[in-house]
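Here are my notes on the model you sent over. I've kept to how the chains meet, then a quick look at one of them.

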Amino acid sequence: MAEFEPVLLANIHKPDSHTLSVYRAAGGYAAIKKVLSTMSPVDTVELVKASNLRGRGGAGFPCGLKWSFLPKDAPTVYMCVNADESEPATFNNRILMELDPHQVLEGIMIGCYATRAQTAYIYVRCEYPTAYKRLHQAIQECYGAGLLGQNINGSGFNLDIYLHRGAAAYICGEETGLIESLEGKRAWPRIKPPFPAIEGAFRKPTVVNNIETLANVPHIVNRGADWFKSMGVPSTNPKDPGSYGPKLYCISGHVNTPCCVELPLGVTCRELIERHGGGVWKGRKGKMAIPGGMSMGLLTEKEFDTPLDFAGPGKVGCLGLGTAAVTVMDETVSIVDYLNNACRFFAHESCGQCTPCREGTSWSSRLMTRILSGKGRLKDLEILQSISQSIGIMPGTTICGLADGAAWPLKNALGKFRGELEEYIKKTNPGGYQQEEPAMALVELAHH
Amino acid sequence: MTTTTAQPILTPQMRAEIEAYFPRYPTKQAVTLPALHIINEHLRCVPEGAIPELAKMLELSPAQVYDTLSFYGYFKSKPCGKVRAWVCRSISCSLRGGEEVLEALSEKLGVAPGETSGDGKVTLEFGECLGLCDFAPAMLANDTVYKNLSVEQAGDVAAQLKKQADAK
């Protein structure tokens with residue numbers, strides 16, 4: 001197989017890759033020019049629809065279809081760009097924003113033209129100061145070059161792009177949480193419907209897209225939907241939109257060379273580790289891996305051959321492809337430590353709006369603290385199991401999917417590593433592991 | 001919340017910076033987060049007394065501003081150190097020793113996570129995934145990224161943080 005030529009990361013190794021002149025020298029802003037001079041908004045939506053580009057932020061919703069939901073006659077439409085990348089182990093959007101911000105801006109421009117939005121807000125997490133600065137400079141350059149503002153390129157199209165900084169809350173990555181936060185409120189996700197396409201930011205029709213999703217758009221305009229569909233894993237039935245195009249995979253944890261690499265959708269976890277992550281570190285064996293950010297659950301070593309496309313991880317019991325951020329854990333890692341870290345994260349980041357999530361994540365974390373400290377009981381595993389089955393959109397108990405993401409590490413750890421969990425509890429609490437009476441919870445040992 | 005304010009907390013400069021955000025949004029409430037960031041940058045915290053002043057600017061009740069502010073753990077009511085250092089404790093950093101680095105830095109600086117050193121220079125905190133997993137374990141100190149940390153470097157890193165504070 002010929003070596004894949006990066007598309008999204010084609011420019012990042014050039015000196016000053018974040019500047020307008022370097023972006024332009026590589027053919028940048030040809031796509032928006034083409035769109036403005038030869039395509040209608042409907043044409044643009046149809047092109048992206050035909051490419052089957054699916055959202056890269058985690059849910060995998062078809063981008064063109066999402067754009068087509070926006071009313072065509074609304075006087076005001078907003079675009080919110082989700083740059084609140086906070087899913088543990090995910091940093092692909094940071095790389096795009098820091099090293100090729102103009103590619104991102106061109107995608108935003110085309111998306112706004114297609115959806116008739118005249119204002120875009122990029123919601124950037126405050127932990128990304130360099131990305132924020134680079135985007136800020138790039139936006140200034142665009143205004144200077146007549147690529148933003150009124151009547152862009154004499155086309156009659158107007159667009160303003162503003163940066164909006166987050167304040168360290170994971171829930172702002174949920175699209176309606178992001179909208180609430182943008183409006184100046186606590187980031188409590190909204191009950192849907194209405195979906196943002198009908199009633200979003202400031203009660204106006206709103207499209208919310210991820211950074212990487214939008215970065216794909218100029219390339220689809222330049223090279224066509226067929227080019228995009230020449231990569232990846234084809235659709236298997238008419239209801240499946242397939243897994244097409246290039247994808248940024250993050251590889252971190254116990255590998256020799258943690259990195260972000262661009263590949264056609266569908267690479268296996270094992271190939272990522274061996275070919276791109278430099279193999280498991282310290283000459284050790286892999287034990288397990290997170291397939292696409294913490295929320296997606298866990299692959300065992302035997303499942304490393306799972307293709308990381310939109311359908312792959314689900315076939316081995318994971319929640320999905322998520323952000324395609326792989327975290328590798330070697331044979332020395334205890335499942336208890338992994339699960340404690342996962343539960344602590346979700347307890348810290350639950351927004352508190354829905355009781356099952358607030359209480360479920362918090363009690364999971366406390367139970368894991370108790371198990372970790374050698375006071376666990378087998379009964380605790382039953383309680384964890386019951387929590388994992390009762391919190392989330394899927395059981396219908398919460399407004400957003402944060403709780404599903406909190407449930408999945410529990411489900412997969414209990415399903416795939418139950419023996420190790422039981423063994424740990426028996427070994428560390430030989431006198432009490434069989435107790436079933438209510439027991440004192442331990443607050444977290446680490447700082448919460 | 002204090003009702004008698006001899007000296008306003010928001011300076012004319014802060015007010016001007018906040019007002020510059022108004023044309024960007026269809027509501028003044030949307031300026032809440034930008035305004036909190038502006039106040040925080042000037043004062044390294046958002047004092048309680050600033051809330052009614054900001055609420056007035058944004059045509060909100062102080063309770064609305066406080067509701068938003070208190071949701072985001074980012075804004076503190078007492079000043080942080082000149083350098084605010086976040087050591088990542090999420091999975092990719094934790095697997096490569098992030099929590100041990102936090103502990104070692106905590107010892108070298110003589111503060112528990114969440115506290116500020118006695119000289120007011122450094123606030124040490126844990127962070128949830130900072131998106132620096134390719135440099136794990138990592139730390140973000142103001143706008144500076146510290147990459148591939150180790151427990152052995154903790155003494156040097158603590159000294160660098162103090163130097164960073166002095167340069168500010």
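1. A word on terms before the count: contact here means heavy atoms within 4.5 Å. On that basis, chain A puts 60 residues into the contact and chain B puts in 42. Keep in mind that this is a predicted model.

2. The size of an interface is often given as the accessible area lost when the parts come together. For chain B and chain A that comes to about 4000 Å², with 57% of it on carbon and sulfur atoms. On the chain B side, the residues losing the most area to chain A are B:Phe71, B:Ile91 and B:Arg96, which together account for 16% of what that side buries.

3. Now the polar side of things. Between chain B and chain A there are 23 residue pairs in polar contact, both partners at pLDDT 80 or more. The rule also finds five salt bridges across this interface. A:Arg94 forms a salt bridge with B:Asp134, where the closest N and O atoms sit 3.2 Å apart.

4. Which elements give two or more residues to the side of chain B that touches chain A? They are α2 (32-43), α4 (62-71) and α5 (91-95) of chain B. Of these, α2(B) gives the most, with five residues. By class, that side of chain B has 22 nonpolar, eleven polar and nine charged residues.

5. As for chain B itself, it has seven helices and four strands, in the order α-α-α-α-β-α-α-β-β-β-α along the sequence. Of its 168 residues, 54% are buried. The C-alpha atoms fill a box of roughly 50 × 30 × 25 Å along the principal axes.

Terms used
Residues numbered from 1 in each chain as written. Chains lettered and ligands numbered in written order. Predicted model: local features only at pLDDT ≥ 70, side-chain atom pairs only at ≥ 80, totals over all residues. Heavy atoms only, no water. Buried area = accessible area lost by both parts, 1.4 Å probe. Salt bridge = Lys/Arg side-chain N within 4 Å of Asp/Glu carboxyl O. Polar contact = N/O pair within 3.5 Å; in protein donor to acceptor, adjacent residues only side chain to side chain. Nonpolar A, V, L, I, M, F, W, Y, C, P; charged D, E, K, R; others polar. Buried < 20%, exposed > 50% of the residue type's maximum accessible area, 1.4 Å probe, protein only.
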